[in-house]
Amino acid sequence: MNIRKFVVMPLIAIAVFILEGVSSLMFSQSFFGEQRFFIPHFLIVMLVLMATFYGRNPTLIYAFILGMVFDIYYTGILGIYFAIFPLVVYLTDKFMKVLQNSLILVGLVVVFNVILTECLVYSFYLLIGGTDMLFSTFVDQRLWTTILLNLAFFLVVFFPFRSFLLELKRSDGR
């Protein structure tokens with residue numbers, strides 16, 4: 001039995017899931033004040049790294065499960081992240097077929113996916129009347145701070161998580 005695959009990887013996913021919620025509660029006011037919102041999308045960063053360095057199909061399984069749990073636990077509306085997380089994995093897989101696995105290019109893919117996620121969630125809430133925030137306000141108060149936060153998280157976890165995923169891939173014999 002591959003301990004890394006069946007124990008460590010799910011524990012990492014659970015830890016990132018919890019870290020995402022805790023960080024949004026604890027640090028949002030102290031980092032950017034009351035005028036700015038930052039939304040941690042650490043699961044997106046993790047899914048992009050998994051799709052890049054481990055493989056698409058196992059990452060899709062994680063994306064569906066984490067998306068469903070995320071919707072149940074954080075949003076209360078089923079389907080938003082359940083659809084977005086697998087879309088992020090699919091797009092990342094397509095991007096990485098033509099891009100190299102360097103820090104900068106994977107970072108750009110992370111930024112693209114964070115922007116895509118934020119815009120899709122904003123559009124959905126605008127469509128159902130869940131928000132009346134103007135798009136310019138959304139970009140000014142929420143989008144750029146979210147990009148910076150998730151890019152910082154990406155820079156912190158890139159090398160250790162990449163090493164873990166490459167070792168996991170080797171132990172799977174792929």
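Me: Is Ile 18 buried, partly exposed or exposed?
Reply: Buried means under 20% relative accessible area, exposed means over 50%, and partly exposed lies in between (1.4 Å probe, protein chains only). In this predicted model, local features need pLDDT of at least 70, side-chain atom pairs count only at pLDDT 80 or more, and totals for chains, interfaces and linings use all residues. Residues are numbered from 1 along each chain as its sequence is written, and side-chain values use heavy atoms, without hydrogens and water. Ile 18 has 48% relative accessibility, so Ile 18 is partly exposed.

Me: Which helix holds Ile 18?
Reply: Helices are DSSP runs of H or I with at least four residues, strands are E runs of at least two, and both are numbered from the N terminus. Ile 18 falls within residues 3-32, and that helix is H1.

Me: How far apart in space are Ile 18 and Thr 137?
Reply: In sequence, 119 residues separate Ile 18 and Thr 137. In space, from C-alpha to C-alpha, the distance is 28 Å.

Me: Which helices do the buried residues of H4 pack against?
Reply: The buried residues of H4 include Ile 80, Tyr 81, Phe 85 and Met 96. Their packing partners are H2 (42-53), H3 (56-75) and H5 (103-128).

Me: Which residues is Tyr 125 in contact with, leaving aside neighbours within four places in sequence?
Reply: Tyr 125 sits in helix H5. Its relative accessible area is 23%, so Tyr 125 is partly exposed. Contact means heavy atoms within 4.5 Å. With those neighbours left aside, Tyr 125 touches Thr 75, Ile 77, Ile 80, Gly 130 and Thr 131.

Me: Are H2 and H3 roughly parallel or roughly antiparallel?
Reply: Axes are lines fitted to C-alpha atoms, for helices over the stretch in contact, with angles from 0 to 180 degrees between N-to-C directions. Under 35 degrees counts as roughly parallel, over 145 as roughly antiparallel, 65 to 115 as roughly perpendicular, and the rest as oblique. H2 and H3 pack at about 170°, with axes 10 Å apart. Therefore H2 and H3 are roughly antiparallel.

Me: How many charged residues are in the contact of H2 with H3?
Reply: Ala, Val, Leu, Ile, Met, Phe, Trp, Tyr, Cys and Pro count as nonpolar, Asp, Glu, Lys and Arg as charged, and the others, Gly among them, as polar. Leu 43, Met 46, Leu 47, Met 50 and Ala 51 of H2 meet Thr 59, Tyr 62, Ala 63, Leu 66 and Phe 70 of H3. The contact has 9 nonpolar residues, 1 polar and, for charged ones, no residues.

Me: Is the crossing of H2 and H6 left-handed or right-handed?
Reply: The axes of H2 and H6 (residues 135-171) come within 9 Å and cross at roughly 35°. A crossing is left-handed if the near helix is turned anticlockwise from the far one by less than a right angle, and right-handed if clockwise. The crossing of H2 and H6 is right-handed.
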